[in-house]
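Visitor: I would like to walk through this structure with you, step by step, and ask about its parts as we go.

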Amino acid sequence: MAQTRYRSLKDLLGEEYVVPGTPLCSGCGALLTFRLFHKALGKKVVWVNAAGCITLMIVYPFSPLKSSWMYTAMGCAPAGAQGIRDALDILIEKGEVDPEEDLKVVVVTGDGAANDIGLQSASGAIHRRLDFYYLCYDNEAFGNTGFQFSPSTPYGSKTMTSLPTPLIPEGHKGRKKDLFEIWRAHNPPYLATVSPSHPMDMMRKIEKAERFKGPKLFISISPCPPGWGYDTMKTIRMARLAVETGVWPLKEAVHGEVRHTFIPRSLKPLEEYLKEQERFKHLFYPLRREDIIGRMQREVEEYWRKVYSTEVLEEKKD
Amino acid sequence: MLIYARFHGRGGQGIKTASRILGNAAHLEGYFTQDFPVYGAERRGAPIVAFTKITDEPSTMFDRGYILNPNLILIADDSLLDDPIVNPLAGLQSNGTVFINTSKSIDRLTRDRCDIRLVTEDLIDLSLKYVGRTILSTGLGSIAAKLTGIIRWSSVEEGVKEELLEIGIKGEILEKNIIFAKVCFERVYPSPLPIPKIVKSSKIVTISWLPPPITIPEVRNIGNTEIRKTGNWRIFKPIINLEKCNRCGLCVVYCPEGVVVMNSEGPEIKYDNCKGCLICFNECPVKAIGYLREVETS
């Protein structure tokens, strides 16, 4: 990455394409990711959205966007993107649209649509090598409807449909789907995880993705103040803690080859991340559940042990 | 005896719980009650409506719809008064009571409608003092119960306990909430409420078919949400101290809304749309951003 547009934070202060005044929650992590993403992609973009929190940004007759927007049902955002891409290609070929006016087609969905309801249409689009971007903002539950669990909800999280009880003290018993690996199995040209707490990393990844033709996929952690249960001012802090405790690794896969873009020298204890959130409060109060916290910590450590043994050692050899 | 109470507020203030506390307290007094919110796409800051119906005669409770003609209205956020879509005073009965949570004096209201009784109190101040948070449900529910004039404190206390335990609030925070409710209960006084008119069911309206160009919405004016002044969601107002600021631009990058812009003199917050999440305050590396209660600044 020798020639990058983004050398310092000063390069992120350019024109805004998402204006304020949206009806999204105060302190929304997804909106921050979306705004930075739009900034990196530029103005010539058409967004294809599957029902989710972000859908509420545009409530007739108001729109915060300076670009175009299409709204689809939860299962079919990538199918909508295919239609738009094909229409643009045909119109450009016929000479009815100036190639200068070509638009980038970007799908934006929540974790529910990406991991669950819309998984098959995304799988199909990646398989067909559709030239599009996919941004999944992952708040680890169905946030818009009041925080019910989704396939992206981590083990041990309290949601409205997985309340901790004496029989199920951990709350959510399922495991978070590894969407990164699911998508990587399709071998897309570019795939990355990003976090709004690391904006330079995010912008450089989007910039890098521009070089590839075909599906370019992004998963962003999106802290959700009402759902996760923390004060709105801590949104960035939560995203940063997720990265530094190792629960949200920042990585990219170019043609399937994984590389971590941020490797913490030592992982912060996962507890620091958990104890500031209402959704994990049952692990600390009234009784500290060492077994559940320990299991979550072990899973993170196991993941990083593999990373350290492959990537870090290889770097040292070089 | 029939009480139609309507609660207006914003998502996150505890409006639904307030209506449940009133319903539960009245039920414990031996009345027949109904309480329900309007379920929609609820988000922090979005206008929310909840209803409570209280009667001693079950035959008057057969209608189950929204309350269009309340005799008691409770407004948890004074900025809603200027919102034409919410229109919180719609349908208020003559001689009805309105409670508004505000720190300002609102005389223009009684000037426009001289036939209503207006009660105001600064609930945010009280909740910060007694609970330490800006969640108003217990205070608002307890004020509503007092304004009906038919509910004793013991029932309100029991109602608060039951409702909060149900949503998992216990221990110290529950105790603080009960003190908050008690303080609120003692601050207001009831007056007789008028009897609401029972509206008989209306006819079903059939809408004739219209061609798609008329019925399908189309937005041509892009980037127009700026005219929606989301600044009135704010409880705390971030303030930048330009002398301490080192112009790093982190507040501009980290603001989810994009209301912080970098000028030649330094960063500037567009207060018309700032929702007051205070991420900029928390992330500023040189601590050049502070905050104040919204009322202290005006």
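Guide: Before we start on the domains, please note that domain bounds come from an automatic or database domain assignment, and that this is a predicted model.

Visitor: Which domains does the assignment give for chain B, and how far apart do their C-alpha centres lie?
Guide: The assignment for chain B gives domain 1, covering 2–187, and domain 2, covering 228–297. Between the C-alpha centres of these two domains of chain B, the distance is 32 Å.

Visitor: How many residues of domain 1 of chain B are charged on the side that touches domain 2 of chain B?
Guide: The contact takes 5 residues from domain 2 of chain B and 6 residues from domain 1 of chain B. On the domain 1 side, 4 residues are polar and 1 is nonpolar, and the number of charged residues is 1.

Visitor: Which helices of chain A give two or more residues to the side that touches chain B?
Guide: In the contact between the chains, 36 residues of chain A meet 38 residues of chain B. The side of chain A that touches chain B has 22 nonpolar, 8 polar and 6 charged residues by class. The elements that give two or more residues to this side are helix H1 (29–41) and helix H8 (235–244) of chain A.

Visitor: At what angle do the axes of helix H2 and helix H4 of chain A cross?
Guide: Pro78(A) and Ala81(A) are among the residues of H2(A) that meet residues of H4(A), including Ser121(A) and Ala125(A). The axes of H2(A), residues 77–94, and H4(A), residues 119–127, come within 7 Å and cross at roughly 35°.

Key. Residues numbered from 1 in each chain as written. Chains lettered and ligands numbered in written order. Predicted model: local features only at pLDDT ≥ 70, side-chain atom pairs only at ≥ 80, totals over all residues. Axes fitted to C-alpha atoms, helices over the stretch in contact; angles between N-to-C directions. Helix = DSSP H or I, 4+ residues; strand = E, 2+ residues; numbered from the N terminus. Contact = placed C-beta atoms within 7 Å. Nonpolar A, V, L, I, M, F, W, Y, C, P; charged D, E, K, R; others polar.
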